[in-house]
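Thanks for coming, everyone. Let me put the model up on the screen, and then we can walk through it together.

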Amino acid sequence: MPWRDRVRRVLIAGGGPAGLYCGLLLKKANPALDITIVERNPAGATYGWGVVFSDRTLAEFREADYPTYREITDRFVVWDAIDILYGGERRRCGGHVIAGIARRALLDILQQACDARGVRLRFQTEIAGPADWEGVADLVIAADGVNSVIRRAYARVFQPSLREGKAKYIWLGTRRVLGAFTFIFRETPFGLFQVHAYPYDGATSTFIVECAEETWRRAGLDVADEATSLAFCESLFAEELGGQRLMSNNSKWINFATVKNNAWRHGNVVLLGDAAHTAHFSIGSGTKLAMEDAIALTRACEQYPDLEQALAMYQMERKPAVEAFQEAARASRTDFENMRRYTGLPPGQFACHLLTRSGRISYDDLRLRDPLFVDGLDRELAAAVGTGRAAGGAADRSGASDATGPSGQRAAGEPAPPPSRLEVAPPPAFLPFVLRGLRLENRIIRRARPVFAARDGLIGGEELARLAALATSGAGVVMTAPVAVSADGRITPGDPGMYRDDHAAAWAAVVRAVRGRSTARIAITLNHAGRRGAARPRAEGLDRPLRDGWPLLGPSPLPYAPGHPVPRAMGRTDMDRARDDFVRAARQAHDAGVDALHLHCGHGYLLGSFLSPLANRRTDEYGGRLQNRMRFPLEVLDAVRAAWADRPLTVALNATDWERRGIDVEEAAEMARVLKTHGCDAVEVLAGQTTPDSRPAYGRGFLTPYGDVIRNEARVATMVGGHLTRTGEMHILIAAGRADLCITEPVLSEDVERATDPPFSLSLLRLRSH
Amino acid sequence: MRVGIGLPTAISAVPGSLVVEWARRAEEGPFSSLGVVDRIACDSYDPLVALAAAAAVTRRVLLCTMVVIAPLRNTVLLAREAASLDALSGGRLVLGVAVGARQVDYDATGADFRERGARLSGQLAALRAAWEDERIGPRPAQAGGPRLLVGGTGNDVFGRVARYADGYVMGGGPPRLFARMADKARAAWADHGRPGRPLLWAQAYFALGDDAVDAGMRYMRDYYAFTGPYAERIAAGLLTTPQAVRQFVQGYAEAGCDELVLLPAVAHLDQVERLADAVA
Ligand SMILES: Cc1cc2nc3c(=O)[nH]c(=O)nc-3n(C[C@H](O)[C@H](O)[C@H](O)COP(=O)(O)OP(=O)(O)OC[C@H]3O[C@@H](n4cnc5c(N)ncnc54)[C@H](O)[C@@H]3O)c2cc1C
């Protein structure tokens with residue numbers, strides 16, 4: 001115990017789970033310590049009802065202190081199911097081992113253990129100011145909860161941030177004994193109410209009621225006293241409560257406050273538990289995190305001779321772990337705050353969305369936990385495809401007929417198999433999809449990676465071979481990289497084009513090659529580079545202007561980057577010409593037999609630059625508010641729609657510019673809504689690149705959260721990429737209603753080989769055609 | 001995956017002759033590259049000058065900076081030094097750049113620590129431009145100039161990799177962490193519509209042999225003292241046995257690394273042979 005000589009007296013502020021457990025563990029590690037826990041409440045008083053732990057947490061408690069582990073687990077109620085009550089149905093998903101215990105019981109166990117070890121407990125004593133802790137101990141542990149006085153005293157060092165959630169909640173109890181962790185979603189004339197409830201001893205359950213602040217006001221709960229609030233909730237959930245009352249423990253309607261601290265230590269003072277961090281109760285882990293802090297702090301004190309280093313190691317160990325948890329909690333909290341968005345999903349998808357909200361449970365995890373649940377979900381999704389009921393459903397649930405709805409799942413005239421007969425079903429990403437009458441074999445779009453090898457827009461045999469090879473990738477759709485609608489619409493001189501007659505002939509050959517090999521559909525991405533044009537091929541980087549490039553066009557005379565050529569602000573003639581270029585390209589694509597068109601309105605290319613206030617500074621009717629910024633892109637969309645007749649037409653859109661004053665996801669959702677009314681069948685969600693200064697966050701599935709919002713907010717079918725390379729990732733996106741189609745574009749070494757070794761693919765092709 | 005070895009340029013009191021001899025022996029070994037790190041405020045050699053010396057006694061191995069703290073330097077001079085080194089070595093330079101982690105290096109050179117990220121972005125574009133500028137010689141031996149890698153772990157790093165560079169270089173950590181970073185680099189690469197894929201490089205420290213472990217650990221603690229309590233954690237990652245080296249190499253290979261450069265924590269020439277035996 002190297003630290004024995006330096007630390008004798010320990011003061012712990014707060015006798016919650018963090019303070020008590022830490023007192024116990026420190027004393028156990030070093031019995032010579034003189035430890036005092038100061039708690040403002042009397043011994044038996046506490047707020048709250050029960051808390052829950054996952055099985056993983058328990059293993060740590062076992063190792064840290066076996067006797068209390070035994071006592072805690074003896075008092076546990078353990079269950080493994082989550083019930084979701086929604087839309088008049090109950091969905092149960094098993095395999096999530098969860099244990100509950102009364103907060104009171106947990107504190108009793110810890111208090112007794114502290115007592116038995118000789119940790120001094122002083123109840124009904126308030127820590128009020130620095131005089132109460134400065135100089136009275138060698139180590140001061142601030143475990144005084146979410147409103148920590150000690151944290152506030154050193155706010156300059158800890159730099160705490162407190163963020164209040166948007167929803168109102170109240171923490172109640174009931175004698176109704178539940179059989180599972182239970183989520184209830186209840187529509188009322190005031191708005192949506194949701195319940196997080198779980199059993200924690202043989203006789204009682206925690207019952208947390210939550211709703212949006214407006215809902216809370218509309219229901220008059222802002223002016224209601226405790227009894228009225230209880231009565232309101234009791235009658236609302238009378239059925240689920242089975243006649244039992246709700247109980248209050250000085251409970252109030254409050255907003256959840258997320259606490260973060262930049263530093264967790266200051267001299268000999270250290271933050272623990274809720275004083276250091278909180279995580280939204282919907283992932284039920286505050287007590288777990290508090291007790292894990294205690295374990296980590298004790299371990300660090302045992303390991304490092306120097307107190308300062310021990311505290312530093314404690315912070316280093318815990319802060320990243322806690323922040324990861326807080327990120328999951330944030331995702332979960334935001335989902336609950338925006339639950340309205342998802343209440344139109346069919347029950348199975350709704351349940352799946354809820355279960356995977358924190359992004360920590362994959363399709364494969366879910367299948368391991370409860371194969372029956374996942375099988376059922378697969379069948380339900382498959383049946384919905386058959387009946388034309390929205391498996392992708394976001395678009396249809398508003399009640400609109402699916403004649404024009406993007407998620408009409410069944411091609412016209414196809415017979416609908418009765419859903420009840422379905423016994424086996426493929427996993428979600430392998431379900432077919434119908435895009436404006438065009439049947440796609442599955443939900444996966446394989447996009448070709450760009451090569452910049454065309455001459456004057458004309459693609460060569462290598463490009464044809466590469467695309468044809470993708471036809472046998474198994475994906476339902478093969479999509480091209482951007483294809484320019486005019487010579488000056490090219491990003492680089494090597495861009496493929498669709499603006500000369502021989503271009504159309506080359507694309508017709510691609511279409512024939514794809515058709516000859518599979519049932520994959522072929523989609524062409526039409527683009528005008530705008531102010532990002534006349535750049536060099538991207539072998540050595542992006543947006544490197546050509547020495548003698550062509551004149552650029554844009555909404556405003558703003559170069560893409562400092563020192564880049566200045567685009568000409570488009571006048572009416574320029575706009576007419578660009579629009580006509582798109583239309584001619586669409587006609588050519590039509591003649592070439594292309595199945596679907598994808599209109600690029602993102603990443604700062606011409607149409608995208610009109611949409612974003614970062615690139616569009618016009619003061620006429622094409623700039624300024626959203627409606628104006630959308631005007632030109634919509635003129636193009638309308639004209640292309642007319643020329644393209646009744647075939648699938650999709651749009652790529654930035655869901656965020658990743659930049660201040662740029663497009664954000666709310667605005668993008670509004671755009672998606674408008675695009676849909678103009679005949680756009682699905683929206684691809686992109687982010688960034690409107691300027692070179694965007695602050696991106698890349699990683700696996702980095703576009704998924706944006707896709708989720710756009711799809712469910714705007715109720716439009718979405719296509720989501722963002723480095724999805726595993727089918728498991730795609731299944732869960734479809735199953736949870738976060739996307740309708742997944743775009744994959746893997747960056748792998750084999751991909752490069754394919755790209756740089758055309759003779760191989762060509763010879764393959766030759767073999768196959770004989 | 002290929003394996004390179006670092007030159008002992010950031011270990012204090014290493015004679016210049018030893019650095020040169022180290023390079024000579026590495027050329028004979030199974031190593032594909034020679035790497036150097038960059039620190040200003042410390043007893044260490046300038047990375048590009050050290051690589052120039054190494055270039056003179058080698059023909060085969062790649063010469064790489066892991067990394068040069070570019071914002072400390074004048075961009076045109078850096079471009080010119082890099083072009084010279086590339087030309088002198090017959091096109092063997094791989095230029096890794098990053099913002100670095102120590103403010104002391106910024107203080108020592110008078111560079112602005114707070115502006116380092118934005119400055120690096122600007123420099124990346126300017127380096128390529130300078131290599132193509134006929135008025136600034138010499139011409140690099142590699143078409144388009146030396147391969148450019150960007151290091152670091154922050155979010156902005158991957159945008160820079162994809163927008164300006166040829167790949168990513170990671171400064172240390174277990175294979176799992178590398179796999180995560182590699183995924184970010186690939187995600188950014190595809191998102192930016194770059195053809196092919198990013199180069200993926202990484203580094204780690206070694207000290208092999210019972211007699212070297214203590215000195216190696218001391219070096220690590222000292223070298224990373226600026227990270228405060230993290231130093232201990234980083235030091236614990238030092239590879240001290242052939243078995244550990246092989247496992248680490250394997251882990252990185254599986255995570256998709258192209259080139260792993262193992263840097264010495266001890267400046268004894270026998271370390272070159274010991275590492276050669278371990279990775280052979
Ligand atoms: C609605 C809701 C549901 C939750 N459900 C769960 C769950 O299911 N599972 C889970 O793990 N966690 C849950 N939590 C979180 C959990 O309650 C806390 O994270 C946990 O109690 C933190 O422990 P702590 O010891 O840090 O703080 P607390 O438990 O808040 O303890 C702090 C103690 O310090 C005392 N104190 C405060 N100020 C002073 C002072 N100035 N002087 C003296 N004493 C003082 C307080 O009286 C209190 O006893 C939930 C939280 C909420 C709000």
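Start with helix α7 of chain B, residues 175–191. Helices here are DSSP runs of H or I, at least four residues, and strands are E runs of at least two, numbered from the N terminus.

A word on ground rules: this is a predicted model, local features need pLDDT of at least 70, side-chain atom pairs need pLDDT 80 or more, and totals for chains, interfaces and linings use all residues. Residues are numbered from 1 along each chain as its sequence is written, chains are lettered from A and ligands numbered from 1 in the order written, and side-chain values use heavy atoms, without hydrogens or water.

So, how many residues of α7(B) are buried? It's 12 of the 17, where buried means under 20% relative accessible area with a 1.4 Å probe, protein chains only. Among them are Phe178(B), Met181(B) and Trp189(B), but also charged ones, including Asp183(B), Lys184(B) and Arg186(B). What covers them includes β27 (682–687) of chain A, and from chain B α6, β6, β7 and α10; contact means heavy atoms within 4.5 Å. Just after the helix, Gly193(B) has a positive phi of about 65 degrees.

Now chain A: it has 25 helices and 29 strands. Of its 770 residues, 61% count as buried.

Methods. Buried < 20%, exposed > 50% of the residue type's maximum accessible area, 1.4 Å probe, protein only. Expected span 1.5 Å × (residues − 1).
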